[in-house]
Every structure is written in structure tokens, then in C-alpha cells.
Amino acid sequence: MLVGPEAAKSQHIKLLSRISRLMNRDGFRTRLLEARTPEEVLHLFEEGESQLVDQ
């Protein structure tokens with residue numbers, strides 16, 4: 001779930017799309033399930049995001 005201002009609907013859709021792309025990766029999902037702390041989860045999303053940008 002994402003929460004934000006009403007005026008940021010297009011940004012919300014873009015974020016959901018990027019999250020969906022990450023969640024389609026088996027390795028990402030596995031590592032996410034194995035994460036033990038909120039910091040690990042954040043790091044995984046940051047790392048995954050950088051890989052999406054590099055493509």
C-alpha cells in the first residue's frame with residue numbers, strides 16, 4: 001500500500017509499476033522474504049531500483 005497526496009496519482013501508479021517489476025523477479029522475492037529488519041527490506045528495494053534504472 002502506498003499513501004500520498006491526491007495530486008500525486010501518476011507518481012503512485014509509477015511506483016506500483018516499479019514494485020510490480022521487482023516482485024516478478026524470483027531472486028528479489030526470495031531475498032525479501034528472508035529479510036530480517038526494515039533496514040534490510042529498504043536496502044533490497046534500493047538495490048532493486050538501481051538495477052531497474054541500469055536496464
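Biologist: How many helices and how many strands does the protein chain have?

Modeller: Happy to start there: the protein chain has 3 helices and 0 strands. Read from the N terminus, its elements run α-α-α. Please keep in mind that this is a predicted model.

Biologist: What are the spans of the C-alpha trace along its principal axes?

Modeller: They come to about 35 × 25 × 15 Å for the protein chain. The accessible surface is about 4,600 Å², and 58% of that belongs to carbon and sulfur atoms. Of the 55 residues, 13% count as buried.

Biologist: Let's turn to individual residues. Why is Glu34 called exposed?

Modeller: Exposed means over 50% relative accessible area. Glu34 has 51% relative accessibility, so Glu34 counts as exposed. This residue lies in helix 2, which covers residues 26-34. Glu34 and Met23 are 11 residues apart in sequence, and their C-alpha atoms are 14 Å apart in space.

Biologist: What makes Ser20 partly exposed?

Modeller: That class lies between the buried cut-off, under 20%, and the exposed cut-off, over 50%. Ser20 has 37% relative accessibility, so Ser20 counts as partly exposed. Ser20 lies in helix 1. From the C-alpha atom of Ser20 to that of Thr30, 10 residues apart along the chain, the separation is 15 Å.

Biologist: Now for the charges. What makes Lys9 and Glu6 a salt bridge?

Modeller: The rule asks for a side-chain nitrogen of Lys or Arg within 4 Å of a carboxyl oxygen of Asp or Glu. For Lys9 and Glu6 the N to O distance is 2.9 Å, so the pair counts as a salt bridge. Both of these residues are exposed.

Biologist: How many salt bridges does this rule give?

Modeller: The count comes to 4 salt bridges. Another one of them joins the side chains of Arg18 and Glu49, at 2.8 Å from N to O. This pair links distant parts of the chain, with Arg18 in helix 1 (residues 9-23) and Glu49 in helix 3 (residues 38-54), 31 residues apart.

Biologist: Which of the classes, exposed or partly exposed, holds for Asp26, and which for Arg29?

Modeller: Asp26 has a relative accessible area of 53%, over the 50% cut-off, so Asp26 is exposed. Arg29, at 32% relative accessibility, counts as partly exposed.

Biologist: How many positive and negative side chains does the protein chain have?

Modeller: There are 8 positive and 9 negative side chains, and the centres of the two sets lie 7 Å apart.

Biologist: One last point: what share of the contacts between residues at least 6 apart in sequence joins residues at least 24 apart?

Modeller: In the protein chain that share is 40%.

Terms used. Residues are numbered from 1 along each chain as its sequence is written. This is a predicted model: local features need pLDDT of at least 70, side-chain atom pairs count only at pLDDT 80 or more; totals for chains, interfaces and linings use all residues. Side-chain values use heavy atoms; hydrogens and water are left out. Helices (H or I, at least four residues) and strands (E, at least two) are DSSP runs, numbered from the N terminus. Buried means under 20% relative accessible area, exposed over 50%, partly exposed in between (1.4 Å probe, protein chains only). Contact means heavy atoms within 4.5 Å. Accessible areas come from the Shrake-Rupley method with a 1.4 Å probe; for residues, only the protein chains shown count as cover. Lys and Arg count as positive and Asp and Glu as negative; His and the chain ends are not counted. The place of a charge is taken as NZ of Lys, CZ of Arg, CG of Asp or CD of Glu.
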